[in-house]
Amino acid sequence: MLLKAPLLLGLITLVSDVCSSDFVDISRKANHFALGVEFAVFHFNQVYPDEYAYKLLWVRRSQRKFTLIYLMELELGQTICSKQDEDLENCPLQEGLREKKVDCTFVVDIRPWLSQFSLLNSTCVQK
C-alpha cells in the first residue's frame with residue numbers, strides 16, 4: 001500500500017498540471033509559437049484600417065496552455081510598404097512624424113497537423 005501512495009500522488013499532480021487553465025512562459029523561438037506570431041501579424045494587417053502594413057518589432061510575452069493555445073504580447077511598427085507588398089520583413093519602418101507603433105495581445109489556437117489557426121482574442125492599443 002505504501003508503494004501506491006507516491007504513484008497516486010504523482011498521478012494527481014500530473015492531472016492538475018494538465019487541467020490547469022493557466023498560461024506558462026515558453027521560449028519565443030518555440031516552433032509553433034513562431035507560427036502563431038506570423039498568423040497574428042498577418043491577421044492584424046488584414047483587419048487594421050490602415051493603408052500601410054505593420055511588422056513585428058518585439059515579443060513582450062510568450063506563453064502557452066497545454067493544448068497549443070498561445071498568448072502573445074507583441075509590439076508592431078508601421079512600415080512604408082502597402083499591405084499588398086510581399087516582403088514585409090525587409091520593409092523599412094515609418095520614421096519621424098509618420099512613425100506609428102501598436103501594442104497587441106493575441107490568443108491563438110494552433111492545430112499544426114491540420115494547418116489550422118484560430119484567433120481567439122485580440123486587443124491592440126496604438127502607442
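Two strands are taken to pair if DSSP finds at least two bridges between them. Strands (E, at least two residues) and helices (H or I, at least four) are DSSP runs, numbered from the N terminus. The structure is a predicted model, in which local features need pLDDT of at least 70, side-chain atom pairs count only at pLDDT 80 or more, and totals for chains, interfaces and linings use all residues. Residues are numbered from 1 along each chain as its sequence is written, and side-chain values use heavy atoms, with hydrogens and water left out.

Five strands form an open sheet in the order E1-E2-E3-E4-E5, with antiparallel pairing. Strands E1 (24-25) and E5 (116-126) are the edge strands, and each pairs on one side only. Strands of a sheet pair through backbone hydrogen bonds, either parallel or antiparallel.

E1 and E2 are joined by two bridges in the antiparallel sense. Here valine 24 has arginine 64 of E2 as its bridge partner. E2 and E3 run antiparallel and share ten bridges. Leucine 56 faces leucine 76 of E3 across this pairing. The two strands, E2 and E3, form a hairpin with four residues between them. Leucine 68, in the turn, has a positive phi of about 65 degrees.

E3 also pairs with strand E4 (residues 101-111), antiparallel, over nine bridges. Glutamate 73 stands opposite threonine 105 in E4. Eleven of the 14 residues of E3 (residues 69-82) are buried, so this strand is largely enclosed by the rest of the structure. Buried means under 20% relative accessible area, with a 1.4 Å probe and protein chains only.

E4 and E5 are linked by ten bridges and run antiparallel. Phenylalanine 106 has serine 122 in E5 as its bridge partner. E4 and E5 form a second hairpin, again with four residues between the strands. Serine 115 in its turn has a positive phi of about 50 degrees.

Pockets were located on a 1 Å grid over the protein atoms alone; a pocket is an open set of points where a 1.4 Å probe fits, with protein on both sides within 12 Å along at least five of seven lines. The largest pocket has a volume of about 480 Å³, a volume being the space filled by probe spheres set on the points. Its lining holds 20 residues, each with an atom within 4 Å of a point. Glu38, Val41, Phe42, Asn45 and Leu88 lie nearest the centre of the pocket. Helix H2 (31-47) and strand E2 (52-64) each supply at least two lining residues. H2 gives the most, with eight.

Terms used:
Buried < 20%, exposed > 50% of the residue type's maximum accessible area, 1.4 Å probe, protein only.
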